[in-house]
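Dear colleague,

I am passing on the structure that we spoke about, and below it you will find notes on what turned up when I went through it. Please read them with the model open beside you.

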Amino acid sequence: MSIANLARRVVRALTPYQSARRIGGKGHVWLNANEAPQAYPFTIEGSRLNRYPECQPAEVVNGYAAYAGVNPDQVLVSRGADEAIELLIRTFCEAGEDQILICPPTYGMYAISAETCGVGIVEQPLAEQPLTASRQPDWPAIADRLSDVKLVFLCSPNNPTGDLVGRDGLIALLEKARDRAIVVVDEAYIEFCPEASVVDLLARFPNLVVTRTLSKAFALAGIRCGFTLASPEVIAMLAKVIAPYPIPEPIAQIAAQALSPMGLELMRERVVELNKQKAAFKAELAKLACVKAVFEDKGNFVLVRFVDGAAIFAAMKAAGIILRDFSTKPGLDNSIRVTIGYQGEMDAVLAVLRDLPSPTL
Ligand SMILES: *Cc1c(COP(=O)(O)O)cnc(C)c1O
């Protein structure tokens, strides 16, 4: 069975919007899209902003395919990974009928996108591993729910706990889910531990989807550029649903630069630097009495369980340091996520922790 058969009925039957770009052809006089004849006065050297952009800019798609080690027909570029998440739900889940499965605590947008699309949510909380700080998807529980869900969202490294999804568990799940459900692995932070990517499994499992982004390690959150990596059948289905012109031309230019050999080298240098900064920060945290536990650390952040999370959050806020409080999430009482910034920023966080009044400890 083709994995595309899991798509919604309307999507399977859909003829995508025939944009002028899609049906354009090769001529040199372009009068088919109601564009202006010239770009003025706001323009960028070498770009033709009076024209609609390509739906899937070739330079960006090819650049990302080469970087990720897949074929260009396995790549879809979108407005951030957030759009990729929503597209997956809009392509595969019937409103009021289908459900997704998530493993909380995890990234919030899977649930938000499902809710706004009228799609149900099955929760299977991450299971704490004995004797370690790490957490894994509850594989047997997920397998039991496979006939109830269309999409399983896993996040590796997981935001906010920093855990990687175990490869053996994932492979066993992909096998059980064959022809039944799509397993999405969100690799938004994978550049911080590239050896843990599961992209190589795309060759074996047409029901695996990997989402990526330029927002984290590539330092380009402002341009809103993300990627879906999947089998050509899944990409073709998503391409039917995505907007006709999702990626503005200036964004495509910046993304292509980021994916050039020099862009990749810069990204990798920054990752080494941030991983060093993270290790140093964790070593200092280990010395502090106000810290109860540090979670896994595979992303560009660490989740820290404090003795008194609320007091720490307030002290940071008073010092002008904005962190992310996760203490209301199940299993994360007193826990705060700290993004790894540059040295001066980490020193500022440590200075507040060292100067806490003793009742807070
Ligand atoms: C930041 C983040 C995203 C969103 O990425 P964008 O490309 O900025 O939309 C997706 N997934 C996870 C786990 C994230 O932390």
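Two strands are said to pair if DSSP finds at least two bridges between them, and helices (H or I, at least four residues) and strands (E, at least two) are DSSP runs, numbered from the N terminus. Please bear in mind that this is a predicted model, in which local features need pLDDT of at least 70 and side-chain atom pairs count only at pLDDT 80 or more, while totals for chains, interfaces and linings use all residues. Residues are numbered from 1 along each chain as its sequence is written, and side-chain values use heavy atoms, with hydrogens and water left out.

I begin with the sheet. Four strands form an open sheet in the order β10-β11-β13-β12, with antiparallel pairing, and its edge strands, each pairing on one side only, are β10 (291-294) and β12 (324-325). Between β12 and β13 (residues 335-339), which run antiparallel, there are two bridges, and Arg324 stands opposite Arg337 in β13. Helix α9 packs on this sheet, where it touches β10, β11 (301-306) and β13; the direction of α9 makes about 10° with that of β11 (axes are lines fitted to C-alpha atoms, for helices over the stretch in contact, and angles run from 0 to 180 degrees between N-to-C directions).

In α8 (residues 249-258), the residues Ile251, Ala252, Ala255, Ala256 and Ala258 are buried, where buried means under 20% relative accessible area, exposed over 50%, and partly exposed in between (1.4 Å probe, protein chains only). Seen down the axis of α8, these buried residues fall within an arc of 155°, so they line one face of the helix; the arc is that of the directions from the helix axis to the C-beta atoms. They pack against α2 (58-68) and α9 (261-285), contact being taken as heavy atoms within 4.5 Å. In α2, the buried residues are Val60, Val61, Gly63, Tyr64, Ala65, Tyr67 and Ala68, and what covers them includes β1 (75-78), β8 (208-213), β9, α8 and α9. Just after α2, Gly69 takes a positive phi of about 80°.

Cys225 is in no disulfide, and the nearest cysteine sulfur, that of Cys55, is 13 Å away. Cys225 counts as buried at 0% relative accessibility, and Cys290 counts as buried at 1%.

Finally, two loop positions. Ser231 lies in the loop between β9 (226-229) and α7 (232-241) and is buried, with a relative accessible area of 6%; leaving aside neighbours within four places in sequence, Ser231 is in contact with Ile3, Pro206 and Leu208. Ala36, in the loop between α1 (9-13) and α2, counts as partly exposed at 38% relative accessibility.

Key. Disulfide = S-S within 2.5 Å.
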